[in-house]
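Biologist: I would like to go through the salt bridges and the nonpolar cores, with the reasoning behind each label.

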Amino acid sequence: MNQLIKTVSGITLAVTLSSCTMLGPDFFRPKTTLPENYQQADATTLAEIPDQWWTLYQDPQLTALVEKTLKNNSDIKIAVARIEEADAQMRELGAAILPTVSLGGNATRNQVTETGIFPVFGPNPRNSYNLSLSSSVEIDFWGKLRRTKEAARANYLATQYAKETVQLSTASLVVTSYLNIRSLDSQLRNVKESLSFSEESLALAKRREEGGIVSILDVQQASLVRDNLLLQEQELIRTIKLTEHVLNLLTLEELEVTKGELASLPMPPTPPVGLPSALLENRPDVRQAEQTLIAANANIGVAKAALYPSISLTGAYGGESIELGDVLKSASRVWSLGLGLNLPIFNGGALSSRVDQASAREKQALQTYIGTVATAFKEVNDALVNLRQYKAIEAIADSKKVTTQAMLEVAQNRYKAGYSGYLDVLEAQRSHIDATQGFVQRRQNTLTATVDLFKTLGGGWQQRVESEKVVKK
């Protein structure tokens with residue numbers, strides 16, 4: 001018994017010491033040379049933006065579409081399944097640190113030779129019964145198991161951020177497609193209004209031609225304007241249907257979007273002065289790249305630990321007898337404790353090459369992380385520029401629409417009074433149609449730029465809780 005106590009004490013000491021060594025480099029977030037603030041941030045005010053940023057457009061139909069997509073979309077469900085897989089793998093690797101315990105038993109009947117050099121004692125043939133609890137554990141002297149768990153945890157978090165990236169991209173695509181439908185519908189309304197006006201103009205031209213006031217050329221020009229508008233109408237209807245099909249694919253539901261004016265959608269809040277570049281940490285693709293780098297860094301330690309001896313402890317406790325009823329009696333007790341050592345001596349450099357492979361993968365992950373951060377920074381600055389410039393362009397387009405409306409009214413009145421030809425009306429009408437459609441398109445560009453800004457900043461501007469903190473180490 002004293003020897004057993006000494007053995008258990010030695011094992012306990014060995015396990016304690018095993019937690020003191022961790023091969024491989026510890027992870028530190030790489031430093032970047034990016035500025036602290038975005039250069040393109042405007043001098044505007046900013047309220048806190050929720051993760052459900054699409055609600056800022058104050059459109060219940062749009063909100064419902066995004067929620068349906070986040071619930072039904074196949075790409076998101078695939079990403080969720082990958083999280084479940086990574087979680088199961090992390091739990092499996094975490095269990096490797098703990099001892100395994102199993103219950104085993106067997107019953108045999110055998111006969112031994114009676115003509116051998118050893119005499120036979122007892123009955124022949126005989127029965128043998130065995131029942132025992134066995135346990136084994138690998139002592140993690142070099143941190144191989146802990147580094148493996150660290151890599152698994154990082155891979156798990158990477159899949160979480162991959163899912164958030166898919167959600168953000170999918171939600172952005174839904175909002176952009178919806179804005180496109182609203183824009184097309186507004187353009188279709190403008191075309192229908194212009195069609196109504198062109199029909200009146202055609203009727204007027206016919207009456208004036210019949211009265212000998214104008215030539216047949218005015219009638220043909222008015223007819224040409226109407227036909228061009230009819231072509232635009234059919235093309236807009238076709239494009240609306242195709243865009244609705246995109247939403248059907250994203251939501252996995254057959255639906256028809258209720259139309260509405262694009263101008264009725266409010267403009268969401270815009271960034272403040274000196275928008276901090278630290279908001280890049282909100283982007284799930286940046287976080288995913290960082291976790292991939294953490295996993296690659298931990299795998300270097302796993303590869304290095306394989307160069308050192310692996311030590312395992314085994315033990316068993318149970319009973320063995322020739323009678324089944326005696327297997328649990330104290331006289332039948334058997335136990336064993338063992339210490340195993342596996343030291344690689346020669347492997348042709350295979351293990352050291354694995355260290356080099358792990359180091360190379362870490363370098364790749366590092367450059368991917370740096371590239372992801374740099375790309376994200378550029379995308380935010382681009383989105384800020386686009387939003388600012390599209391706002392300015394929209395204001396000019398609005399002024400142009402008002403001007404062409406006034407010009408068209410003057411041209412119509414002059415034509416009806418006989419002071420000018422139909423070419424003046426035709427030119428004024430064409431200019432007003434182009435200006436009206438152009439304003440709708442510029443408004444769409446501005447709203448789409450806000451979507452891009454939400455997307456490039458990771459879906460919101462409030463301080464987000466780091467999900468790593470809720471994952472148990």
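Modeller: This is a predicted model. The side chains of E138 and K144 meet in a salt bridge, at 3.3 Å from N to O.

Biologist: Why is the contact of E138 and K144 called a salt bridge?

Modeller: The N to O distance is 3.3 Å, and the cut-off is 4 Å between a Lys or Arg side-chain nitrogen and an Asp or Glu carboxyl oxygen, so the pair qualifies. By this rule the count comes to 17 salt bridges.

Biologist: What makes D140 buried or exposed?

Modeller: D140 has 7% relative accessibility, and buried means under 20%, so D140 counts as buried. R146, its salt-bridge partner with the closest N and O atoms 3.0 Å apart, has a relative accessible area of 21% and is therefore partly exposed. Elsewhere, salt bridges with shared partners join D26, R147 and E150 into one network.

Biologist: Which parts does the salt bridge between E253 and K68 tie together?

Modeller: The closest N and O atoms of E253 and K68 are 3.3 Å apart. E253 lies in the loop between α5 and α6 and K68 in helix α2, so the pair ties together parts 185 residues apart in sequence. E253, at 29%, is partly exposed, and K68, at 32%, is partly exposed as well.

Biologist: Which residues of the largest nonpolar core touch the most other members?

Modeller: Of its 24 residues, they are W53, Y57, V66, V175, L179 and L247. Helices α2, α4, α5 and α8 each supply at least two residues, and α4 gives the most, with seven.

Biologist: What does V66 touch beyond four places away in sequence?

Modeller: V66 touches W54, A171, V174 and V175.

Note on methods
Residues are numbered from 1 along each chain as its sequence is written. This is a predicted model: local features need pLDDT of at least 70, side-chain atom pairs count only at pLDDT 80 or more; totals for chains, interfaces and linings use all residues. Side-chain values use heavy atoms; hydrogens and water are left out. A nonpolar core is a set of buried Ala, Val, Leu, Ile, Met, Phe, Trp, Tyr and Cys residues joined through side-chain atoms within 4.5 Å. Buried means under 20% relative accessible area, exposed over 50%, partly exposed in between (1.4 Å probe, protein chains only). Helices (H or I, at least four residues) and strands (E, at least two) are DSSP runs, numbered from the N terminus. Contact means heavy atoms within 4.5 Å.
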